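I opened my notebook to look up a few backbone angles, strand pairings and contacts. Here is the model I worked from.

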Amino acid sequence: MMNYLLVSLLAAFQVDALPGSCSFEGNTCDYTADPAGLSWTFSFTGHFITVDESPQEEQKKEKAVLVGPEVAQQDWSCLRLVYQLTGSASLQLLRRSEGESFDHMLWSAHSPSENWNIASIDLQNSTEPYKIVIEGRPGSSEGSSVSIFEVAISEKYCIECDFEDSHLCGYTNQWNSNVNWYVGRGVPNEATYSDRPGQYMYVDSVHAKTLQDVAKLVTPMTTVPMSGCLSFQYQQDHVEGHLFSVYSRDRAGQYQELWKADMPESNHVDWRAETQVWIPVQVALRAPYPMEVVFEASFNSLKGGRVLLDNISFSPEFCSAETEPTFDPKVANCDFELGICQYTQNSENREMWKRVSVQPNIYRIGDHTTGTGSFLLANSHFTLQSGYVSQLYGPPLPGNQKYCLRFFYSLRGFSKTNQALAVYLYDTASAKKDKIWTQTGQTSDVWIQVELTIQSQKAIQLVFISTCKSFWTCGSVGLDDISVSLGDCELPLGPLRVPSYCDFETGLCGYTQDKQGDEADWVLIKGPTPTSYTGPKGDHTTGAGHYLHIEASLMLPGHRARLASSLLRGSRGPQCLLFFYHMYGSGTGQLSILLRSDLEEKDRLLWVRNGEQGISWFRASVSYQHDHQHQIVFEATRGPSIRSDIAIDDIIFQKGPCKDADQHISHFSLFGDQNIIE
């Protein structure tokens with residue numbers, strides 16, 4: 001059923017449009033179509049543009065691209081996009097900056113609909129100019145299409161609205177068969193939809209049929225972190241017959257109350273007065289991850305009155321100077337490269353967790369961060385002692401928050417034991433510990449990622465505990481790359497796919513096999529490779545995910561497998577390529593990184609590794625510069641024996657030079673509190 005708030009959607013946006021806005025009335029304004037992609041066409045009425053199934057001559061093309069003019073917003077802006085998808089079509093909105101090989105995704109949609117939809121995307125203030133890029137993919141199914149009616153950019157937050165425009169700022173009424181939010185016009189105590197100027201939203205109990213009917217007006221979902229003061233105005237009639245509240249709601253559907261109207265004696269408005277009084281409200285809003293604001297009126301009487309709402313605004317300054325700033329959970333992040341950060345130990349005897357660096361070899365893995373760095377180790381020969389408990393305390397985390405905890409652990413050595421590591425929440429007020437996770441698997445020499453969503457009303461500390469009951473059941477365990485963020489681990493913080501990053505969990509991310517310049521293919525795999533004593537036991541991303549490798553048993557010595565990136569834009573400035581590689585096996589050959597360009601006769605060698613490197617995943621960082629369109633090629637060459645599997649994972653492209661030039665150096669000098677394991 002068509003939403004009540006999508007009234008007169010095809011009317012023009014009534015906003016002060018900024019560069020990048022376009023109504024597509026017979027032209028594409030300052031947007032230009034990429035000739036290498038599919039063609040956009042205007043509708044027969046000339047009011048919108050569309051791209052549909054690829055004609056026969058364009059079957060190899062997958063998408064149509066529009067590149068907007070240069071945008072240089074100094075202040076926060078809101079982009080509203082009116083679009084429609086049919087069939088298997090998809091639509092993406094990206095941000096293109098000078099000097100970057102990849103566009104950064106701002107928003108995407110994949111669900112077909114019978115009506116026009118409104119997307120609201122917040123554009124953070126930026127000092128560097130950029131361009132808005134629109135990519136439409138019609139898909140392969142019959143009848144699929146992408147249509148764009150309007151792009152409007154205005155200097156405001158997407159959550160703000162005065163309800164004067166027909167699109168109602170993308171606000172939606174959560175449909176109820178009895179009570180709903182409607183558009184009101186004119187003076188509130190006169191007939192609704194009067195001819196007087198001025199619009200607002202209202203809900204009336206006149207249609208209520210049960211004693212617990214609820215009407216919900218929902219803002220657009222925030223797309224970037226924001227915190228500050230949410231302001232609005234409201235009026236009520238017969239306040240004793242209903243409750244008016246404001247909530248935040250995350251993508252998981254979890255509500256948190258932000259505000260509710262006072263009891264009748266404190267907010268009653270005399271509706272018989274000639275001039276109505278709008279009551280101003282200011283509410284502290286913290287949205288560190290995507291969420292909506294829900295204005296809810298619940299009626300407990302069939303004569304529950306009305307609620308009116310108008311002039312919703314937002315300021316990045318908190319409503320009160322006494323409001324505590326949004327907590328930054330990054331204080332709990334640590335990769336242990338320079339120390340143990342803000343973590344502390346609580347042991348009556350001595351520190352049981354030791355910061356160590358393991359020299360990579362064919363028997364021991366290094367750290368997770370780089371393969372050659374530092375991590376924490378419990379139950380090592382530095383601390384091995386029966387009947388002790390090693391406890392690592394994190395920094396305090398405020399209550400009434402939802403946190404996502406991620407960390408990596410590895411079981412080391414030959415001891416096979418369950419429950420070598422557990423995580424507790426320590427209630428700082430009551431001094432009690434509650435276990436939230438314990439290690440159960442027995443896979444050794446693999447860094448395994450753990451994700452835990454934590455929610456507590458009280459202030460807490462994270463505690464990592466390793467117990468050694470006896471010499472024979474005392475398993476050595478490593479801990480690395482602890483990170484804490486606000487929100488739910490199962491919900492993405494933003495767009496699902498980042499073009500500049502690939503972990504191979506959902507496929508090849510646009511990378512392609514080179515069928516002409518090699519003799520074999522890279523193979524997508526999960527878990528250990530088929531051949532013994534070569535290849536990794538798991539991927540680098542989580543320890544249980546996907547990665548690419550060459551299967552040497554299917555190749556001959558000297559055979560190559562080449563994987564090419566999608567076409568990358570050139571840049572006058574340096575670019576950084578980061579990736580992880582694994583080269584274990586007595587017959588390991590060579591891994592090379594090449595740059596391919598039509599302007600150069602041969603592929604240019606950027607980086608190379610030869611022979612067995614150990615059982616660790618190692619991080620490589622490659623700085624390069626090329627100011628024309630090009631591709632990056634990963635080339636693996638099979639060595640003299642079948643124990644020659646080579647693997648890659650977690651590829652990242654970044655703007656600017658790499659912070660640490662990749663080269664063979666000695667990583668294992670003794671310094672500070674670090675212990676070296678040869």
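The entries below go through the points I looked up, one by one.

**Ground rules.** I am working with a predicted model, where local features need pLDDT of at least 70, side-chain atom pairs count only at pLDDT 80 or more, and totals for chains, interfaces and linings use all residues. Residues are numbered from 1 along each chain as its sequence is written, and side-chain values use heavy atoms, with hydrogens and water left out.

Entry 1: I first noted the general rule: most residues other than glycine have a negative phi. Then I looked up C29. Its phi is near 55°, a positive value in a residue other than glycine. C29 sits in the segment before β1 (32-33). Strands here are DSSP runs of E, at least two residues long, numbered from the N terminus. The cut-offs are under 20% for buried, over 50% for exposed and partly exposed in between, with a 1.4 Å probe and protein chains only.

I found a positive phi at N311 too, near 50°. N311 belongs to strand β20 (residues 306-315). I noted N311 as partly exposed, at 36% relative accessibility.

**Entry 2: an open sheet.** In which order do the five strands of the open sheet run? I read β1-β4-β9-β6-β7, with antiparallel pairing. β1 and β7 (104-109) are the edge strands, because each pairs on one side only. Two strands pair if DSSP finds at least two bridges between them. Strands of a sheet pair through backbone hydrogen bonds. I then checked β4 (residues 64-71) against β9 (residues 130-137): six bridges join them. Within this pair, V65 stands opposite E135 in β9.

**Entry 3: strand β14.** I looked up β14 (residues 214-218) next. Four of its five residues are buried, so β14 is largely enclosed by the rest of the structure. Three bridges join β14 to β11 (residues 172-174), and the two run antiparallel. There, Q174 stands opposite K216. Five bridges join β14 to β19 (residues 291-299), again antiparallel. There, V214 stands opposite S298.

**Entry 4: D335.** D335 lies in the loop between β20 and β21 (344-345). D335 is partly exposed, at 31% relative accessibility. Which residues does D335 touch, not counting those up to four places away in sequence? I listed T369, S374, D480 and D481. Contact means heavy atoms within 4.5 Å. I also noted that D335 and L479 are 144 residues apart in sequence, but 9.1 Å apart in space, C-alpha to C-alpha.
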